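Here is a short tour for anyone meeting this structure for the first time. Take a look at the picture, then read on.

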Number of protein chains: 2
Amino acid sequence: MNGAQALIRTLVDCGVDTCFMNPGTSEMHFVAALDAVPEMRSVLALFEGVATGAADGYGRMAGRPAATLLHLGPGLGNGLANLHNARRARTPIVNIVGDHATHHKQYDAQLESDIETVARNVSTFIRWSTKADEVGTDAADAVSAASGPPGQVATLVLPADVSWSEGGLPGRLPAPARPEPPADAAIAEIAAALQSGEPACVFVGGRAGRAELLAQASAIAAATGAKLLGETFPARLERGAGRAPLDRLAYLAEFAAMQLDGLRHIVLIDAKAPVSFFAYPGKASDLVPEGCRVHVLAPPDGDLATALAMLAERVGASTAPVQQPAAPGLPTGALTADAVCAALGALMPEGAIVSDEANTSGLTAPGRTTGSAPHDWLCLTGGAIGQGLPVAIGAAVACPDRKVIALESDGSALYTMQSWWTMARENLDVTTILFNNRSYALLNMELGRVGAEAGGPRAKDMLDLARPDMDFTAIAKGLGLHATRATTADGFVDQLRRALATPGPTVIEAMVPSIL
Amino acid sequence: MNGAQALIRTLVDCGVDTCFMNPGTSEMHFVAALDAVPEMRSVLALFEGVATGAADGYGRMAGRPAATLLHLGPGLGNGLANLHNARRARTPIVNIVGDHATHHKQYDAQLESDIETVARNVSTFIRWSTKADEVGTDAADAVSAASGPPGQVATLVLPADVSWSEGGLPGRLPAPARPEPPADAAIAEIAAALQSGEPACVFVGGRAGRAELLAQASAIAAATGAKLLGETFPARLERGAGRAPLDRLAYLAEFAAMQLDGLRHIVLIDAKAPVSFFAYPGKASDLVPEGCRVHVLAPPDGDLATALAMLAERVGASTAPVQQPAAPGLPTGALTADAVCAALGALMPEGAIVSDEANTSGLTAPGRTTGSAPHDWLCLTGGAIGQGLPVAIGAAVACPDRKVIALESDGSALYTMQSWWTMARENLDVTTILFNNRSYALLNMELGRVGAEAGGPRAKDMLDLARPDMDFTAIAKGLGLHATRATTADGFVDQLRRALATPGPTVIEAMVPSIL
């Protein structure tokens, strides 16, 4: 057994049986070893950002890591933006970066570069495997580190000679660390804050986006009269009819400040304290109101479920509010971004998974789907656009029996549109709704917000995607997909209905005016 | 004048008047400042790898840096692969990475990440600008560092508040350092080696790819009976009729070893000592034959022109061999990769600039164009694919009066196909010849080279681009370009003739069998 075979065997034995890859020459022994370990599913991506984003989507839905396989430092660079998003989502990923053979590095060949310094941007666990008989143990340690809690991107650097050398030994998963049990006193202090009669907010994120924990957090808020809010861009939110409804913190700091105004206590349930996404001249970055205390229910590596249960018991929380089924009417007439969102709210099937990178055009999508059949909602956690389509791939691979809907915008789609080819190749059940408003609409808004000198013609030209116009239907067809274009609400409804009724990948290009 | 205005003013004053950008919110003040300094040309890219690769192509052809503008750590990650190629090409680039406002960083907002650790992969000069009244000086220092020699990627991190704060002051370019004059004794030693009668090779790269220096190196080889060889993937090679012909070192180590066999002296003219691109089990990485001495004519920061002139005088070199005009006959019949290369050799106009990322399909392109009208040839210097189309953009912006021809392969094109939109938007005179062989052909070869266990069906499936087939004509049209598909040699000749006769961007998709 060579090192590559031992590595793949170890991954499979540790529950990592899916690898999203974009390999090169230094990874050929890993590729060759795929035939020796048929339990490993390998999914080819044509760009590394697709592979890393797919691993993110997979990890969010499967609750366990997928592996990536990237080609040296430049391949890691290409995959970095979506690893950044995964880091922010706390998604477990075993990030395998192939490298030159150990004896080859000294010659500084063309593709040699400092891999570790790039990996440090997204990984605290970075292991350089150096021997075939140790690569199994290294891989098992990487799976353990990735799995958390908290989930994280664990990077394993794999030199070519470690792959090709004989003497590989499969490794075993170390026993998971037991998180510290929550301290009674800390829980009591949080309960006292919530029951103090002062304005308080239960602010949920991370693992608390899952239905069961969310219901508990919601019940705690209801029992104590606290406001319930969710983080702006959750990694995974279980929502819809029958689940606890959740308002999210606004993206724009002005609106977020209104939501948080007057609070004296914010209780963080696996969320970070609210801060402005960007800084603006003369505006606050920290959104926690002055005089408001921030309480942390459980640290990222803590036992969140136990802590929540203890808090619920202490405040006498019993049942959470439940969202009643409700669906918007089907839109007709002119096609607008909101008409698309309304159609989605009306037609979305039970168990759908929405990968939301629609940015400005998708503004009303969460509201329009509040009472739709129960579904999952996956957001752009790290702000690095180009995540939506790859995350949809990973979700579809993790959940082959569920319909995946990618809400995508023109500007963002362009970063990782190679995703469409992988969707076609794997025949994934993904419907992409592409909002084509021919603009970096968000940036046009931000340009307006930066001050008086903005908005000259040369500046505006840098945010304009209409010169030339892009035809995403043609691009998607060129990448092997079925694709249609909708220019009216009625046409869109027809196309969406058909797409949702037909398994397999489809793109619907919705021609909409910018909402800004 | 705010910091952003001072920065752009400084760049223009220092000779940097082109910026390839993919900005986000933290860069909006830079974008807003474009109207205040109209001498700066800004070119929008829809993906950061396009911007950085374009800056590489620009720097190679203009001989001075362009600037980039990237969006925080993830944007730098997306641009990293082509900055890696630029580092290997020693291209001067002022790499500007926008960042959160200095006071905002402590809040660890969604897009916060360690920019510097990523930049270290490609930059030894990394300057964090912290004040509006210093950003001009910082920028001038970055231009100086980028310009070299050696040219390099100088990274300037630009926090949003430094851009928006008043009190910006333009900076001035520091006086360039004078390189050490070459030592007579060192030149004498190299001359003695070349005149020793032992087998010797003059190995040229880097700056010695330019016609004048190449002719001198060629004359030195001719005068001493040394073999003349060029590095495998030159950043810029001036070649064709009337220039000194140059054979390049083979990509495959087996063939390279034959070219170098028996040498006792290798004289490096701005090149690195030859090493194998990748390592293979049981094969040597270092291609310098045993017992062969390596001599360095001038260090990367040295005065190469003076050193070459001194060496030429000492060995009595006078005239270099000159390539005679010659053109292959026009191909007819079935379309093959070599037919495409022959058509190119026959039709390429004087002054063309070829951005060559055709990989396997372009194998015969250098040979077929040896005697074509004089032209420039730009290669994939760092091995990170996705360089060819962006480099073509930069070359066309730098040299608007010359025809640019991008030789591109299917697998590589997919990394940065967003380039086509920028070509259309800027109406750049670039003809892309896309070899569509529906395979990662190079990797199929490499899989065969890794050993006996390779080549199972699951492994081979990871190198297959034909499931589903891609239609690059449709993709290019979707991105706003004129595009046609050629399936016969005669059809290709017609389409190429028309493309070369018509200014503006075009894509010709050449359907060819893999040569392997």
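This is a predicted model: local features need pLDDT of at least 70, side-chain atom pairs count only at pLDDT 80 or more; totals for chains, interfaces and linings use all residues.

**How the two chains relate**

Let's begin with the overall arrangement. Turn chain A by 180°, with a shift of 0.0 Å along the axis, and it can be laid on chain B with an RMSD of 0.0 Å. That is how a two-fold axis relates two copies. Of the interface residues of chain A, 100% are also interface residues in chain B, so the copies meet through the same surface.

How many residues does the contact take from each chain? Chain A gives 103 residues, and chain B gives 103 residues. About 8500 Å² of area is buried between chain A and chain B, and carbon and sulfur atoms give 60% of that. On the chain A side, the residues that lose the most area to chain B are A:Gln110, A:Arg458 and A:Met462, which together make up 9% of what that side buries.

Six salt bridges are found across the interface of chain A and chain B.

Next, pick out A:Trp164, which sits in helix α7 (residues 160-164) of chain A. Is A:Trp164 buried or exposed? Its relative accessibility is 16%, and buried means under 20%, so A:Trp164 counts as buried. Setting aside neighbours within four places in sequence, A:Trp164 is in contact with A:Asn2, A:His29, A:Ala101 and A:His103 in chain A, and with B:Ala279, B:Tyr280 and B:Pro281 in chain B. Take A:Ala101 from that list: A:Ala101 and A:Trp164 are 63 residues apart along the chain, while their C-alpha atoms are separated by 9.4 Å.

The other one is A:Arg425, in helix α16 (residues 419-425) of chain A. A:Arg425 is buried, with a relative accessible area of 5%. Which residues does A:Arg425 touch, not counting residues up to four places away in sequence? There is A:Leu44 from chain A, and then B:Asp461, B:Met462, B:Asp464, B:Arg467 and B:Pro468 from chain B.

**Cis bonds and positive phi**

B:Arg467 and B:Pro468 come up again when we turn to the backbone. The peptide bond from B:Arg467 to B:Pro468 is cis, with omega near 0°. B:Pro468 is in the loop between α18 (457-461) and α19 (472-478) of chain B. Over in chain A, a cis peptide bond joins A:Pro149 and A:Pro150, with omega about -5°. A:Pro150 also has its place in a loop, the one between α6 (135-147) and β6 (153-159) of chain A.

| Residue | Phi |
|---|---|
| B:Leu72 | near 55° |
| B:Arg438 | near 60° |

Where are they? B:Leu72 is in helix α4 (residues 72-89) of chain B, and at 0% relative accessibility B:Leu72 counts as buried. B:Arg438 lies in the loop between β16 (430-436) and α17 (441-449) of chain B. With a relative accessible area of 27%, B:Arg438 is partly exposed.

**One buried alanine, one surface patch**

Stay in chain B for B:Ala339, in helix α12 (residues 337-347). B:Ala339 is buried, and its relative accessible area is 7%. Leaving out residues up to four places away in sequence, B:Ala339 touches B:Pro331, B:Ala334 and B:Ala489. B:Asp490 is 151 residues from B:Ala339 in sequence, yet the two are 9.5 Å apart in space, C-alpha to C-alpha.

Which residues make a nonpolar surface patch of about 310 Å²? They are A:Leu363, A:Ile515 and A:Leu516. A:Leu363 comes from the loop between β13 (353-357) and α13 (365-368) of chain A. Since exposed means over 50% relative accessible area, A:Leu363 at 62% is exposed.

Note on methods: Residues are numbered from 1 along each chain as its sequence is written. Chains are lettered from A and ligands numbered from 1 in the order in which they are written. Side-chain values use heavy atoms; hydrogens and water are left out. Patches are made of residues with over 30% relative accessible area and no salt bridge: like charges are joined within 9 Å, nonpolar side chains (Val, Leu, Ile, Met, Phe, Trp, Tyr) within 5 Å. Accessible areas come from the Shrake-Rupley method with a 1.4 Å probe; for residues, only the protein chains shown count as cover. A salt bridge is a side-chain nitrogen of Lys or Arg within 4 Å of a carboxyl oxygen of Asp or Glu. Helices (H or I, at least four residues) and strands (E, at least two) are DSSP runs, numbered from the N terminus. Buried means under 20% relative accessible area, exposed over 50%, partly exposed in between (1.4 Å probe, protein chains only). Copies are superposed by least squares on the C-alpha atoms of residues with pLDDT of at least 70 in both. Contact means heavy atoms within 4.5 Å. Buried area is the accessible area (1.4 Å probe) that two parts lose on being put together, summed over both.
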